[in-house]
Amino acid sequence: MVHVEEKLCIGCGQCEQDCFPQAISIKNGKARWIGACMECGHCVAVCPMGAVSMDGAYDMTEVLPYDAQQCTVSPKNLLYAMKCHRSIRQYQCKAVEQAKLERIVEAGRYTPTASNRQDVHFVVVQKELEQIKALIWEGIDRLIQFNAIPQYQRLLQSLQKKKQSVPSKDALFFDAPVLVVLTCSSPWNGQLAARSMELMAQAEGLGTLYSGFIQSGLNYSPQAQECLGITGESIAACMLIGYPKVAYYRTVPRKPANVTWK
């Protein structure tokens, strides 16, 4: 629920103008919450006097003042970092610090979601990863058994044979120490959150890899879903995280953009 401190409100109307569902209005020179709120928090952020707050699930001590210097990222540097980003398939046998993982989740938490649903469930697996990996491999076995992804059947069979002949050479998890699974009611929300988390992981000196095969294995492993506490939830993305075991010395070539300017 939105609250307005009348003593602080100057009736400037900024909150009313920025409220998409029109849940706040200026009455007699003061802002008034009139319901139908999607709890986006824009009224909190746009108020120049700090007169607006929200209760319930929201902790107002987390609200930070805007600092232009900290928010400014050079377009040139950002684009350069994105060009240098690589999907990592070689990881060090090194655990990822809890503080870094928490900041990565925080980046996902602050990613905008459709209708401000904030419906993403973040499951971060590190301590129990070996157990979960075994269950996901059982799901991969079922994928192969039912030929569930015909276009990748031979590749999956190849990965399975490699795993059976040399268990230490896991071409599905690549020795990554962390698996992040994101579930949500709207797939876009989880995928957008995953992208924010990927960029944050890069800033933390970590590598990442999206894995559709792990996601498919999870979908075919009720036991893994139960262990992760996601039974009945829709998986939006699966991402490996860890310290890269490989260094890249330049960007890679890309085809010209297929763009239409009008």
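Start by selecting Arg 195, which has a relative accessibility of 30% and counts as partly exposed (buried is under 20% relative accessible area, exposed over 50% and partly exposed in between, with a 1.4 Å probe and protein chains only). The model is predicted, so local features need pLDDT of at least 70 and side-chain atom pairs count only at pLDDT 80 or more, while totals for chains, interfaces and linings use all residues. Residues are numbered from 1 along each chain as its sequence is written, and side-chain values use heavy atoms, leaving out hydrogens and water.

Glu 198 is buried, at 5% relative accessible area.

Now show helix H5 (residues 98–109) together with H8 (residues 187–203): their axes come within 7 Å and cross at roughly 145° (axes are lines fitted to C-alpha atoms, for helices over the stretch in contact, and angles run from 0 to 180 degrees between N-to-C directions). To see the contact (heavy atoms within 4.5 Å), select Arg 103, Ile 104, Val 105, Ala 107 and Gly 108 in H5, which meet Ala 193, Ser 196, Met 197, Met 200 and Ala 201 in H8.

Move to Arg 32 and Glu 6, a salt bridge with the closest N and O atoms 3.1 Å apart. Arg 32 sits in strand E3 (residues 30–33), and Glu 6 in the loop between strand E1 (2–4) and helix H1 (14–18), 26 residues apart.

Finish inside. In the largest nonpolar core, of 31 residues, Ile 136, Leu 179, Val 181 and Leu 240 touch the most other members (such a core is a set of buried Ala, Val, Leu, Ile, Met, Phe, Trp, Tyr and Cys residues joined through side-chain atoms within 4.5 Å). Helix H6 gives the largest share of this core, eight residues. Apart from this core lies another, of 18 residues, including Val 96, Ile 104, Ala 193 and Leu 206. Lastly, centre on Val 181: among its contacts beyond four places in sequence are Phe 122, Leu 218, Ile 230 and Cys 238.

Definitions and conventions:
Helix = DSSP H or I, 4+ residues; strand = E, 2+ residues; numbered from the N terminus. Salt bridge = Lys/Arg side-chain N within 4 Å of Asp/Glu carboxyl O.
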